[in-house]
Amino acid sequence: MPSPEPTSLLIKARWIIPVEPAQRVFENCALAISDGVIQAVVPQREAEKRFQADTTINLGHHVLLPGLVNAHSHAAMSLLRGYADDLPLKTWLEQHIWPAESRWLSEDFVRDGTGLAMAEMVKTGTTCFADMYYFGEQVAQAAQQARMRCHVAFSVLDFATPGGSGPDDYIRKGLALRDEYRNNDLIQVGFGPHAPYTLSDEPLRKIAMLANETDTAIHIHLHETAQEVADSIAKYGMRPLERLHKLGLLTPSTQCVHMTQINDSDTQLLRDSGAHVVHCPTANLKLASGFCPVHALQSAGINVALGTGGAASNNALDMFSELRLAALLAKGVSGDATALDAHAALRMATLDGARALGLDNTIGSLEVGKSADLIAVDLSHTGAQPVHQPASQLVYTASGQHVSHAWVAGRALMLSGQLQTLNERELTGKARWWQEQMK
Ligand SMILES: [Zn+2]
C-alpha cells in the first residue's frame, strides 16, 4: 500500500457543491487543501486512506461551496447603514449621502467602515468583494490584514471629495495604488469611474486609454435608473452605454453595475464587447430604480455577477439574501419559473462573479488546482429540514446566519462562527463611536 500523501487540511462534509462541474452535488466527500490550493475532492473513505492531514475538520450536516463573490460594494458605507432610507437615488445621493461623505469621509472612516463590512461579509459567506470607494489604500490594507480577497476600484468623479481634488488626482492616486499591489495575491486594483452622469467625456476617454494600456479593469455604475438614460439622451444624444462604447470603455474587463434599463441595442453592445453586468437586486428595489433582466442577459450570453451595493442602500451585505432575491426576481421579471434555478444562482454568486473580476482561473469553483476559497453552511437547523436538494436549501431557505466556516487560500477566516482575522468586538465598538459622532 502506498504511503499516505501529506496535506495541510482535510475538510469532510455531508455535501459539496463545486459549482464546476455545473449542477453537481457530491455527497460524503472530502476536500484536501495543500499550500492554500485544492489538492483533491474525493469520497471520504478514499480520503482517509490517501491523505495524512495536519488538520481534519468534520462537518456532518454542512454543505461546502466556493466562497461567495460580492461583485459590487462600497464597504466603508456600512457606517452609513440606515442613515437615509426610503428615498429615490437622486435625492438620496445629492441631499443625504454626498453631504454626509463630504463631512465625515476620512482615512479613519474608510478603515473602520471597511473593517465592519468585512466582518459582516465573512460571517455571511463572502470571501471576495469588489469595492468602489475612496482612500483605496485603507481598503487594500484592511483586506490584506483580514486575508480577504478584494478588487479595489478607485472612484473617479468630475468633482472634488475628501478622497481627491478632481479626475487627474483620483487617477494618479489610483494608479499608484495599482502599482503598489501589482503582485499581491489577494488584492487587485482597478478603475472605478463613478457613473456616466458624474464624469465628462475627457476623463472617461483618459480612463479608457489608461485601462487599455495597463490591462486594468473598469468598474462603473451604469443604466441604474430610467432618469440616467433620459438625461444622457438629452445631453449627449445617446444612451450611456453607447456613450461609453464610443469613448472606448466597453471591453471584456468592464464591469457594468446595475443595468436596469436595457433595450436590444444595449444587449448587443454588451454581448459584442464582452463586458460583464453586476446585478444588485436589493439596491435596485430599495431605490425603485428598476429591474435588471438577468434571464434575458444570460440567454444572450452575457456574464452576470451579483453584488450587494453599499450597506447605505441595501442595508445588509448578506449575499445569501441577495441570492434568494435574485433567483425570485429573475422568475418574476422574465415570467419564467425555470429562470435562474438554484444552481445557476449559486454560480452567479461564485464563478460568474469571479469571471467578472477576472479571477475565474483562481477562484469561484472547488476544482483541483484552484485557490482554497470556500465556505461551509450548516444545514442542520429546523427550517432547512428535510434536505432533498442542498442547492435549493442554500438559495431559498438559508441565510448568511447559517454560514459557519470560511477560508481564503486555505487560511481560516471563520471557524464555527468565530472570526479568526477580524476583531468583531472592536469593530462594532468603533461603529458605535461613529454613530455618536454623526448624531
Ligand atoms: Zn454602488
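Which residues coordinate the zinc ion? His72, His74 and His221 do, each through NE2, at 2.0 to 2.1 Å. Donors here are N, O and S atoms within 2.8 Å of the metal (3.2 Å for Na, K and Ca), and water is not among the atoms, so sites may look incomplete.

Before I go on, two notes on the model. It is predicted: local features need pLDDT of at least 70, side-chain atom pairs count only at pLDDT 80 or more, and totals for chains, interfaces and linings use all residues. Residues are numbered from 1 along each chain as its sequence is written, and side-chain values use heavy atoms, with hydrogens and water left out.

His74 sits in the loop between β5 (68-73) and α2 (89-104), while His221 is in strand β9 (residues 218-222). That pair is 147 residues apart and links distant parts of the chain. Helices (H or I, at least four residues) and strands (E, at least two) are DSSP runs, numbered from the N terminus. Are these two histidines buried or exposed? His74 is buried, at 11% relative accessibility. His221 is buried too, at 6%. Buried means under 20% relative accessible area, exposed over 50%, and partly exposed in between, with a 1.4 Å probe and protein chains only.

Now the whole protein. It has 16 helices and 16 strands. The radius of gyration is 21 Å, close to the 22 Å that the globule rule gives for 439 residues, so the protein is as compact as a globular protein of that length. That radius is taken over C-alpha atoms, and the rule is 2.2 Å times the number of residues to the power 0.38. The C-alpha trace spans about 75 × 45 × 45 Å along its principal axes. Of the 439 residues, 58% count as buried.

Next, the inside. The largest nonpolar core has 112 residues, and Phe109 and Val377 touch the most other members. Such a core is a set of buried Ala, Val, Leu, Ile, Met, Phe, Trp, Tyr and Cys residues joined through side-chain atoms within 4.5 Å. Helix α3 (residues 107-123) gives the most to this core: eight residues. Where does the core lie? Domain 1 (5-66 + 374-408) and domain 2 (68-356) both give residues, so it lies between them. The domain bounds come from an automatic or database domain assignment. Apart from this core lies another, of 18 residues, including Leu9, Ile11 and Phe26.

Look at Phe109 again. Beyond its neighbours within four places in sequence, its contacts (heavy atoms within 4.5 Å) include Trp104, Tyr133, Trp434 and Met438.

Last, the backbone. Most residues other than glycine have a negative phi, and most peptide bonds are trans. Which bonds here are cis? One joins Glu20 and Pro21, with omega about 0°. Another runs from Gln385 to Pro386, with omega near -15°. Pro21 is in the loop between β1 (5-16) and β2 (26-34). Pro386 is in the loop between β13 (374-378) and α15 (390-397).

Val19 is not a glycine, yet its phi is positive, about 70°. Val19 also lies in the loop between β1 and β2. It is buried, with a relative accessible area of 6%. Met259 has a positive phi as well, near 45°. Met259 lies in the loop between β10 (254-258) and α9 (264-273), and it is buried, at 0% relative accessibility.
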